[in-house]
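Please open the structure in a viewer and keep the selection panel at hand.

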Amino acid sequence: MSTLNRIASLLRHSMGLDVASVGMGLIERAVSERMATLGLNQDAYLLALQSAPAELQELIELVIVPETWFFRDREAILSLARMARAQIAEQPERCVRVLSLPCSTGEEPYSVAMALLDAGIPPANFHIDAIDICHRSLATAERGVYGRNSFRGKLLDYRDRHFSTEKEVSTLSEEVRLRVHFRHGNMFAPDFLINEKAYDFVLCRNVLIYFDREMQQQAVEVLDRLLHTQGTIFVGPAEAGVMLRPNLVSAGIPLAFAFKKRSTPLPAAAIHKLKKIDVPPSIKMQALPPVPPIRKPFANVPPLAPAAPQASPSVETPSSDAILARAMQCANQGELIEAARLCKEYMQQNGPNAAAHYLMGLISDARQDTNDAMQHYRKAIYLQPNHYEALTHLAALLAAQGDAAGARLMQQRAQRVAGTQEQPHA
């Protein structure tokens, strides 16, 4: 193994970073910068990393490139605020606990604070912890001063309420800034938040895609440990498949990509069918998250041709729409074989369909058949170029295969779609 690969392996074990998700070029540039600063060659620098935690932290600071903005994936944050308000309405003395991990430069936890305040929740009724492995990101977050890049999309009314803006620099109000408690931490550290009280809401979004499957599993175990029994985890759009666990189930909130702890065990039938699928043990006994709803139900389904005469009028043939709906239901219940069969049946009757190909992509993804999953996601995008979920899932798979350019292209397309699909909220 080359010295550079050994350094990459050290980063993986210390912070979970899968080099394939960011490209070896980024690691090489960061290492070269630190070697030049210290006047060391690669072998000497590896020794410095292994013996000096402070130098490892310096390298981590360089390989992390913050990419976030206020109210990113807006529905997740607004859903959190709605649920928090409902909980406090039932228990007025309750203090809702929120964790943003990683919090990057602060846009996410501050967005949560703004949403909670705008929902009429008193500051005494919520507590927000925001943790990141990068000291530089935390320093930016604590300052609360942001440029134009942190404000994206069309719905920027919150900026008028919570920021003072001069030229292109916006300073967050003290009322919001004081609501978030920032601190340094590494979720892969053995003692990470080991004695912390459980959280009602955990946001761990758009970071799991940078881990390989082994580190993803470790990360989800940490999140599960930190989550209250009745709590909710929010992940990024491309990370829903990562949350496939026997004890986690989709919260069923459209476009929020939220999960809760499963209250009852999976049915024996679902477990039996999943055991027939050749997938790694970490994915067995797990159900797919719900397929994000189509804004106009089955809008892409072509009109049905007149039905042919039935041989037996007493036998009722399911409609095409019902077949696809049943396929989605089977997938959510873990009946992947039946879900795939129904998708194929639907497309045999109606021709190619974006929703059906997207569901087939999720099924292949759960079975770790990456090539098949990518083909289905690409077909979904071909049929529906603005299919946000297919774009984000394909971006994640491309990044995992080391195709950084392809992943970036899909992410950019998804961001454009998200910007055009934002709707005003009440």
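This is a predicted model: local features need pLDDT of at least 70, side-chain atom pairs count only at pLDDT 80 or more; totals for chains, interfaces and linings use all residues.

**First stop: helix α5**

Select residues 53-63, which form helix α5. Is this helix largely enclosed or largely open? Eight of its 11 residues are buried, so α5 is largely enclosed by the rest of the structure. To see them, highlight E55, L56, Q57, L59, I60, E61, L62 and V63, the buried residues of α5. Next, display what covers them: the covering elements include α1 (3-15), α3 (24-38), α4 (42-51), α8 and β6.

At the meeting place, I7, L10, L11, S14 and M15 in α1 face contacts with L56, L59, I60 and V63 in α5.

In soluble globular proteins, nonpolar side chains tend to be buried together. Select F70, Y110, M114, L116 and F234, which have the most contacts inside the largest nonpolar core, a set of 40 residues. Colouring by element shows where this core draws its members: α6 (74-90), β1 (96-100), α7 (107-118), β2 (126-132), α8 (135-143), β6 (180-184) and β7 (199-203) each supply at least two residues. Helix α6 gives the most, with eight residues.

Centre the view on Y110 and show its surroundings. Which residues does Y110 contact, leaving aside its neighbours within four places in sequence? They are F70, A141, E142, G144, Y146, L172, V176, R177, V180 and F182. A second, separate core is also present, with 38 residues that include A354, I363, Y377 and A414.

How many salt bridges does the model contain? The count comes to 19. Three of them can be inspected in turn.

Begin with R205 and E108, whose closest N and O atoms are 2.9 Å apart. R205 lies in the loop between β7 and α11 (213-226), while E108 is in helix α7, so the pair ties together parts that are 97 residues apart in sequence. Both R205 and E108 are buried.

Move to R183 and D129, a salt bridge in which the closest N and O atoms are 3.3 Å apart. Here the partners belong to strands β6 and β2 respectively, so the bridge ties together parts that are 54 residues apart in sequence. R183 counts as partly exposed, at 31% relative accessibility, whereas D129 is buried, with a relative accessible area of 3%.

Finally, select E345 and R341, where the closest N and O atoms of the salt bridge are 3.1 Å apart. The two residues are four apart in helix α14 (residues 336-350), a separation of about one helical turn. E345 is partly exposed, with a relative accessible area of 24%, and R341 is partly exposed, with a relative accessible area of 41%.

**Fifth stop: two single residues**

Select N125, which lies in the loop between α7 and β2. Is N125 buried or exposed? At 10% relative accessibility, N125 counts as buried, because the cut-off for this class is under 20%. Not counting residues up to four places away in sequence, N125 touches I88, P92, E93, R94, C95 and V96.

L383 counts as partly exposed, at 34% relative accessibility. Draw a C-alpha to C-alpha distance from L383 to P352: the two are 31 residues apart in sequence and 7.8 Å apart in space. Leaving aside neighbours within four places in sequence, L383 is in contact with P352, N353, A354 and H357.

Terms used
Residues are numbered from 1 along each chain as its sequence is written. Side-chain values use heavy atoms; hydrogens and water are left out. A nonpolar core is a set of buried Ala, Val, Leu, Ile, Met, Phe, Trp, Tyr and Cys residues joined through side-chain atoms within 4.5 Å. Buried means under 20% relative accessible area, exposed over 50%, partly exposed in between (1.4 Å probe, protein chains only). Contact means heavy atoms within 4.5 Å. A salt bridge is a side-chain nitrogen of Lys or Arg within 4 Å of a carboxyl oxygen of Asp or Glu.
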